[in-house]
Amino acid sequence: MMRAVAIRAGACRAHRARSVAAWRAEVACRVHCADNARDAGHRRTQRGFTLIELLVTLAILGVLACMTVPVAQVMRQREREQELRAALHEIRNGIDAYQAASKDGRIQKEAGATDYPPSLDLLVVGVPDQTDPKGHKMYFLRRIPRDPMNNDAELADAATWGKRSYASEADDPQEGDDVYDVYSLSKGVGLNGVPYRRW
């Protein structure tokens, strides 16, 4: 009887020892798995971008660059068109001021000549005021603005413009004895669809 009790007690201790060992093994396994998962996540964060991710990023940047270039070109063209409008307005105002002064008898002119200036340079150089006893000059432009559509840096400012004389037709402007109007020599077309020559 005592022997049976001892055997049973030994079996219980062995079973308990196996249970504790199994529990310890399970805890160790869980800790090991958690460490492995943490290490794998750390390796993923250190790995960086994949080749596909880089290619997709480069493709997106390429598309954005292709969209930006035409917008920049249109903005630059719009700026040059604004410069062209301002230059034409300035020169035409100077021509009109010269013509008004000539009609008022303030500018000496040859018989048969029109009231328009013989050249654009005369608007800057100035002409003596016939009504001024001291003979001071009248100036109609501080300087001749260049045609912003003309990229030839060797040309003088006045030479960048086409000139129309008073005797020539609007559809076929020709230079002559005076300067009635100016126009751009560019063959380009504006954003509004009108050729620069007809501005």
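A residue is called buried when its relative accessible area is under 20%, exposed when over 50%, and partly exposed in between (1.4 Å probe, protein chains only). The structure is a predicted model, in which local features need pLDDT of at least 70 and side-chain atom pairs count only at pLDDT 80 or more, while totals for chains, interfaces and linings use all residues. Residues are numbered from 1 along each chain as its sequence is written, and side-chain values use heavy atoms, with hydrogens and water left out.

The average pLDDT (the predictor's confidence in each residue, from 0 to 100) is 83, and 76% of the residues score at least 70. Over residues 1-7 the pLDDT stays under 50.

Five aromatic pairs were found in the whole structure. Rings of Phe, Tyr and Trp (its six-membered ring) pair if their centres lie within 6.5 Å; planes under 30 degrees apart count as stacked, over 60 as edge-to-face and the rest as tilted. Tyr98 and Phe140 form an edge-to-face pair, with 5.3 Å from centre to centre and 65 degrees between the planes. Both Tyr98 and Phe140 are buried. The rings of Tyr196 and Trp199 are also edge-to-face, because their planes lie at 70 degrees, with the centres 5.2 Å apart. Tyr196 is buried, with a relative accessible area of 4%, and Trp199 counts as buried at 15%.

Definitions and conventions: Contact = heavy atoms within 4.5 Å.
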